[in-house]
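Opening the notebook on this one.

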Amino acid sequence: ARVHHHKWEVKYQFKSPDCFQKLAVTINGMTPGPTIYARQGDTVVVEVKNSLFTENVAIHWHGIRQIGTPWSDGTEGVTQCPIVPGDTFTYKFVVDRAGTYIYHAHYGMQRSAGLNGMIIVSVPDGVTEPFSYDYDRSILLNDWWHKSTYEQAAGLNSVPFVWIGEPQGHSMTIVEADGNYVEPFVVKNLNIYSGETYSVIVKADQDSSRNYWAALNVITRKPGTPTGLGIINYYPNSPKKSPPTVPPSGPIWNDTTYFLRQSQAIKARQGYVIPPPPTSDRVITLLNTQNKIDGRIKWALNNMSFTLPDTPYLVALKQRLHHVFNQKPAPETYDSKNFDVFGVAKNANATSGNSIYRLKFNSTVDIILQNANTMTVNNSETHPWHLHGHDFWVLGHGIGKFDPMNDPKKYNLVDPIMKNTVPLHRYGWTALRFRADNPGVWAFHCHIEAHFFMGMGVVFEEGVEKVGRLPSSIMGCGETKRFLRH
Ligand code: C2O
Ligand code: CU
């Protein structure tokens, strides 16, 4: 295994990817930042210098499980103090599994401001992938606004995407998702949500006298942006030659059953199935609602909207600083009997809090994500939920209120896909299972950056006493200061 060293400088830079000049947060002058290439088992070392004049930064390696290095997860407030302007912080971690991953800022809304990029981990020497292809191209999809992230109202839309092929042209075969092989299946459109990664294979077997559109359309929110376009170029046509057809407009944005069907079609690849534990030790149900706190719109889980403490949880828990966050356990469920998920909640007020879920080490935990109507009549939003430090099994998806008597009978316990990000569909539920086997403190949150910013997240602790000595580089803020004085 090799060690890859990267030196990054995070700084402001004016960028105009769509001809409109905007201040972006960049890495070595680039947005998206440099792609990290590595082989399974390699160690990645990234030295991050914060050259922003006025704000902190932290970088999260999304999809990398950080086994044995929970302090390198890069989640400000959870696993580290922020990197203050002028400071340098070194992340060091092992990429333990091949796949396509991303990285991005985990502080404020800097991800939307341009601080993001890709991590491509190839299979070890001598190992072959269970599919073949001639070229490998990576595409990073991200939202881009003209307003600065500072100006953006917290509720501004960050949207999931659909990347679609030609209606009568190429189809795509999905073969990998979030670093796990998928039983290959063919789609016309790939429905992809914020925080997900997919590998698809496209066969260049169409009429080669022309080029084709690769089109990107917003789904699950009413699109307010034009279709994003790329050209699939067949040699020797000029890459500038426009395809002779109009760009495809994609599926109807609110066709939830269509999106649900794709979610339900994903299965682990035969020969690579890791079966889930047949039962769980604990079920946590999280009702996703839009609420009001002090007149401000928030997102809440079981009526609690999440706020980050000044002292990162990892340090607080390891050093037993019990006063720096609310010790009362976060709510395990909601009053499902009396809650109508299809209507506007009668009392939409919530509380905010920073309490967490402490999980028994090595226990099996089920999470039932339950969606609901927002504060607007006849409206529900899709939330892509992302778990740090683990992959989870996706046991099932449905529409309406989860039925604890009957829905678990329909769980896929045979060949469910493992992922780190999964959509919770409009008015739907999603059931996950994971093993709490990675000592550390891990965020679990909606990956729409504005939603997390508005409180849509929770935190899990497991086996924190097994975590090795914490590096002092993650300290310096809040109550962690005391550990720096010697
Ligand atoms: Cu890519 Cu905590 O997120
Ligand atoms: Cu959300």
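How far apart are the end C-alpha atoms of residues 327-463, and what percentage of the span is helix and strand? I get 17 Å between the ends, with 4% helix and 39% strand. Helices (H or I, at least four residues) and strands (E, at least two) are DSSP runs, numbered from the N terminus.

Ground rules: this is a predicted model, where local features need pLDDT of at least 70 and side-chain atom pairs count only at pLDDT 80 or more, while totals for chains, interfaces and linings use all residues. Residues are numbered from 1 along each chain as its sequence is written, and chains are lettered from A and ligands numbered from 1 in the order written.

For residues 10-123 I find 30 Å between the end C-alpha atoms, 0% helix and 43% strand.

Next, the sheet. Four strands make an open, mixed sheet in the order β3-β8-β7-β5, where pairing takes at least two DSSP bridges between two strands. β3 and β5 (59-62) each have a single partner strand, so one side of each lacks a neighbour in the sheet.

Then β8 (residues 116-122). Five of its seven residues are buried, meaning 20 or more other C-beta atoms within 10 Å of their own, with C-beta atoms placed from the backbone. β3 (residues 36-39) runs parallel to β8 over four bridges, and Y37 partners I120. β7 (residues 99-105) is antiparallel to β8 over six bridges; T100 sits opposite I120, and Y103 opposite G117.

Key: A residue is buried if 20 or more other C-beta atoms lie within 10 Å of its own, exposed if 12 or fewer, and partly exposed in between; C-beta atoms are placed from the backbone.
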